[in-house]
Amino acid sequence: MDRKARPHTSTALHRDTATATGISTATSTSTTGINASMHMPDAPYATTSPTTPSRAGAPPTAAPAAAPAAAPAQPLTIRLALPIDAPVIAAIHQASRQVTMPYLPPQRRTHDEVTRWVREIVLPQCHTVVAARGPELLGYAAVRGELLDQLYLRPDVRRAGIGSLLLAAARRHRPDGLSLHVFQLNADARAFYAHHGFRVVATDDGRGNMENLPQLTLRWTPASAPVPPRGTP
């Protein structure tokens, strides 16, 4: 990937492993901030509801209608990213960096610019998957060659196993091994990848990335850790 075309250093996610805050997303409409609405059944009419005893001389009153049952949670799925997902992926990317990596320089790219980068650079050049629950996107991972270039989550869904599912999908795509870069300051990401069998294979002083921050290169091979089966948190 042309590093000059990127709004940030490559493999930004490993610097951010598990990310992005409070951005509800709807892939079917290419918008952010939209949750799937729940269909609520009409409340029963008072004339058909059972009555409760009343005080002497007072008319009977209808018993409170039972609260409708909550809709069952939709299953989490890992699927290939689509061009229509680009605005939501961009929002997750931006929020993730802002929330989980406060040491980074202020973001200079607009949401539209990042969306265009996702649509024109990331999706065509990377094998990109998203974690979705119904219409909501919760995170994504992008693999370019054998490089795990990005792995971002919404911050409000961190530590729920979603990052591990995305990583497992990336390893199934590249079963012979994966590499990634992570900022030395990103202790959470380093711990996450160490837990999943990645080992440090190189270090640099940051002159090779746009943020000018020291980073580590990590590597996973099948001999260093097993690939979790599909569905493992």
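Biologist: In which loop is Arg159 found?

Modeller: This is a predicted model, in which local features need pLDDT of at least 70, side-chain atom pairs count only at pLDDT 80 or more, and totals for chains, interfaces and linings use all residues. Helices (H or I, at least four residues) and strands (E, at least two) are DSSP runs, numbered from the N terminus. On that numbering, Arg159 is found in the loop between β8 and α3.

Biologist: Is Arg159 buried or exposed?

Modeller: Arg159 has a positive phi of about 60 degrees, although it is not a glycine. Buried means under 20% relative accessible area, exposed over 50% and partly exposed in between, with a 1.4 Å probe and protein chains only. The relative accessible area of Arg159 is 69%, so Arg159 is exposed.

Biologist: Where is Asn212 placed?

Modeller: Asn212 is a residue other than glycine with a positive phi near 60 degrees. Its relative accessibility is 54%, so Asn212 counts as exposed. Its place is in the loop between β10 (199–204) and β11.

Biologist: At roughly what angle do the axes of α1 and α2 cross?

Modeller: Axes are lines fitted to C-alpha atoms, for helices over the stretch in contact, and angles run from 0 to 180 degrees between N-to-C directions. Angles under 35 degrees count as roughly parallel, over 145 as roughly antiparallel, 65 to 115 as roughly perpendicular and the rest as oblique. The two helices are therefore roughly perpendicular to each other. The axes of α1 (residues 86–100) and α2 (residues 111–125) come within 8 Å and cross at roughly 115 degrees.

Biologist: How many helices and strands does the protein chain have?

Modeller: Of the 233 residues in the protein chain, buried residues make up 46%. Its secondary structure comes to four helices and 11 strands.

Terms used
Residues are numbered from 1 along each chain as its sequence is written. Side-chain values use heavy atoms; hydrogens and water are left out.
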